[in-house]
Every structure is written in structure tokens, then in C-alpha cells.
Amino acid sequence: MKEFDYVIIGGGCAGLSLAFELEIHNKLENKTLAIIEPRSEYKKDKTWSFWKIFPHNFEDCVKKSWENFSINIPNKFAHLKCNDFPYQTIDSGLFYEKINRKLKENSNIIFFKNINNINLNNSFIFNSLPTLNSDENNLWQHFSGIEIETKNNFFDEDIFNLMDFDCEQKDSVHFFYTLPFEKNKALVETTWLSKINNSSIKNYEVQIKNYIENHLNIKNYKINYKEEGAIPLFYPSNTREKNKINIGTAGGMTRLSTGYTFLNIQEHSKYIRENIENISKAKIFKIKKKYHFLDKIFLRVLKKHPEKMPSIFFRMFNGSSKIIIKFLSNKSNFIEDLLIIFKMPKWPFIKALLKINE
Ligand SMILES: Cc1cc2nc3c(=O)[nH]c(=O)nc-3n(C[C@H](O)[C@H](O)[C@H](O)COP(=O)(O)OP(=O)(O)OC[C@H]3O[C@@H](n4cnc5c(N)ncnc54)[C@H](O)[C@@H]3O)c2cc1C
């Protein structure tokens, strides 16, 4: 049985981000690292997007960056600026390639397909496998998207559409998300915030086809890439153990109101690297408690009043995109939190708040 100083379980976004962060800061010169990853090859399987609120290691994997975005509900459209915090999309294919190329240079780092031949007794473990309970009342952000190429130039590549709520809601929260990478290439995604077992909303292909052909009015296009996924809008039940830290989704790095995780993973990786010499004694890194609390209330309102959510999202963004971006990226101050809270319709939120205190 082989032994390693560190073991990362799951070489996905969080596992590889952490390995890369440790490697580029020379934390693996005299330490050994095993990465457990079952996939047989790395290829593009996701696009990760986020507001760049602080620098990260993957600027060279950015497929496209925007300084303008829109959000719309039936009969209302808002054009918003995000030049302070550009919205970036990372191509996971480039991300995997960059990291794997770097990690190969260090013979102290070894990949394994499973954990069977490793003795974990003396290792520090970073685990990215979430333990998700199967409560059917849990909310998920589930989505499916296709990257299309049109014959003629169709898209305005300078502005992306964050949320188009002008579509069927089916007692849930539903919007389309469009990222125009070039004038004739865009990712179009149908996104739902709902319980996962609602089969009537899972005909993603039909939804996207209808949206592209009847709403965007694009008849001639080919599909270059497809992605589908589901992000839990609840915390996994992984617990911290003496020689183990949970990272990524398993480590609670998802903002529950939005599903954004990528940049939190980067911040967590940096924190671990800064504390690696004394990692078993380091405080657990968490998204600030105030965001847990506010997101919990927000999701209660979302569950109870899905029909109100398009206009709530619209109001949240409209007028002060910089503040809401900071809020959604866990970087807002107290005054900014209050400004967001005051934009919310009072009664649904007060009722949701009181329920929490019951
Ligand atoms: C399609 C999709 C798009 C997303 N887009 C965004 C976005 O735009 N912005 C954003 O902020 N967040 C986004 N997210 C959310 C989040 O950023 C990603 O889910 C991110 O990949 C989470 O990183 P992770 O390391 O926790 O999980 P993963 O990246 O899923 O990594 C887990 C790894 O564990 C491996 N594994 C599986 N079973 C085992 C096993 N038994 N033993 C060892 N390893 C195993 C898997 O192969 C995988 O490589 C998206 C999620 C999905 C699914």
C-alpha cells in the first residue's frame, strides 16, 4: 500500500484547483500528493462563469469576458454594466489541460483511478465527493445548454443575457441564459430552480429548440457542444474529520441563491495553500454566515412564491448591478446588504424570516 502526505479525492474543479495552487506555490516540492480521479480522460465537460471580483489562476482559460449584460421579464428589459467586475466564462477543457500539464512536471504528484491501493492512515485528505441527502423537497438549479453556431451573424457579442424570464414557469422558476461568444456562436441554456423530481420540466431539448427557433428566431444553426447539470441548492452533509477537509461542492462552496461556486473554490484553494503547513489546526473556511442566513430566507421565498421570483430577480439587478454582484460574490458590506434587502418585497421575506425563527 502506498502512502502520501496529501490525498485529493476527486480531480474535478476543486481538486485540480487545489493541486495547482499548491504546486505553483512550491508546496509540493518535499511532499507527496495522490489525486483520486476515476475519469479515463479529461475533456471539456462544463463552462464555468462568474463575475471576476478578484484575480484567479486561470485568466488564460477564459473563453470570453463581458462588461455588459441584460435581464428581462415579460415587457421589461434592463441593460446593465459590469465593467468593474467583468463576467468571465472559463472553458473547462483549457482548465483541465493547463493544470494537468503543470502537475505532470512534478513526480511527487500521482493520479489513481481509485483509492484501493492507497493507505490513508497517515495522509491529510481533501475530499470533493459530496454526500447529498435524497430529500425530495430540496431545491436544485438544473439546466441544459447547447453551444450553437449560426450561419449568419446573429448575436451581439458584447452583451450576455443573464436571465430571460419571458418563458413558461410551470409553478417553478425558469429562465434562459445566453452567452454570445462570437457574433455567430453562443451558449443557450434553459435553467430551472426547482425540486429535481418534476419530470414535466425536464424536456430540456424541446425547450431550447423552441426558444432558439421561436423566441430568438434562429432557424439555421448547428450544435457544437452540449452541457447538462444540476447544482444542489442545499448543503451536502459531509462532516469535517480530524485529517480531512471537504472542498468544492462537498465543502459548501456553492452560493445557494445562485449556484455560483467556481470563484469560491479558488478562494478556498488559496486559503488551504496559505495554511497548508498547519492545515489540521486551521479554522474551517466557510462562506460568511450572513450569506447562509440571507440565502436561506431567499430560498424559502422562492419555494413558497416561485411566481414572484422573476420580478424579484429583476428588481435585485436593476439599478445597482455593482452592489448585487458584490453581494452574490460574498463581498458586500453591511450597507450594501441593507440596500439589497430593502429592494425585496417586504411581506414574503418577513414571513420567511419569521418561519426561520419559529
Ligand atoms: C454543468 C455544470 C456547469 C456549472 N457551471 C457553473 C458556473 O458557470 N459557475 C459556477 O460558479 N459554478 C458552476 N457549476 C457549479 C460548480 O462550479 C461545479 O459543479 C464544479 O465543478 C464543482 O467542483 P467540484 O470539484 O466540487 O466537483 P466536480 O468538478 O464535479 O469534481 C468532482 C470530481 O470527482 C470525481 N469523482 C466521481 N466519483 C469519484 C469517486 N468515487 N472517487 C474519486 N473521484 C470521483 C469526478 O469525476 C469529478 O472529476 C456548474 C456545475 C455543473 C455541473
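Predicted model: local features only at pLDDT ≥ 70, side-chain atom pairs only at ≥ 80, totals over all residues.
Leaving aside residues up to four places away in sequence, L33 touches F4, D5, Y6, I8, A19, L28, N108 and I109. Show those side chains together with L33 and you have your first stop.

Now widen the selection to the nonpolar core. L33 is among the residues with the most contacts inside the largest nonpolar core, along with V7, I8, L18, A19 and V188. This core has 81 residues, and the element that gives the most to it is α1, with 7 residues. In soluble globular proteins, nonpolar side chains tend to be buried together.

Next, step across to N108, one of the residues that L33 touches. You will find N108 in the loop between α2 (92-104) and β9 (109-112). Its contacts, not counting residues up to four places away in sequence, are L28, K31, T32 and L33.

Time to zoom out and colour by domain. The domain assignment gives domain 1 (2-55 + 92-132 + 234-281), domain 2 (139-232) and domain 3 (289-357). Taken over C-alpha atoms, the centres of domain 1 and domain 2 are 30 Å apart. Where these two meet, domain 1 puts 9 residues into the contact and domain 2 puts in 8. On the domain 1 side, those residues are 3 nonpolar, 5 polar and 1 charged.

Now select the ligand and the residues around it. Which residues come nearest to the ligand? Of the 26 residues around the ligand, these are G10, G12, A14, G229 and G248. By class, the shell divides into 11 nonpolar, 11 polar and 4 charged residues. Highlight α1 (13-24), β4 (47-51) and β16 (221-232) as well, as each of them supplies at least two residues of the shell. Both domain 1 and domain 2 give residues to this shell, so the ligand lies between them.

Select D171, in the loop between β13 (159-164) and β14 (173-182). Phi of D171 is near 55°, a positive value in a residue other than glycine. D171 is exposed, with 11 other C-beta atoms within 10 Å. Then go to N217, in the loop between α3 (204-215) and β16. N217 also has a positive phi, near 65°, and is not a glycine either. N217 counts as exposed, with 8 C-beta neighbours inside 10 Å. For background, most residues other than glycine have a negative phi.

Finish with the whole protein in view, shown as a cartoon. There are 9 helices and 17 strands to pick out. The radius of gyration is 21 Å, close to the 21 Å that the globule rule gives for 358 residues, so the protein is as compact as a globular protein of that length. Along the principal axes, the C-alpha atoms fill a box of roughly 65 × 55 × 40 Å. Colour by burial, and 37% of the 358 residues will show as buried. Of the contacts with a separation of 6 or more, 76% are between residues 24 or more positions apart.

Note on methods
Residues numbered from 1 in each chain as written. Helix = DSSP H or I, 4+ residues; strand = E, 2+ residues; numbered from the N terminus. Rg over C-alpha atoms; globule rule 2.2 N^0.38 Å. Buried ≥ 20, exposed ≤ 12 C-beta atoms within 10 Å, placed from the backbone. Contact = placed C-beta atoms within 7 Å. Domains from an automatic or database assignment. Nonpolar A, V, L, I, M, F, W, Y, C, P; charged D, E, K, R; others polar. Near = placed C-beta within 6 Å. Core = buried A, V, L, I, M, F, W, Y, C linked by C-beta atoms within 7 Å.
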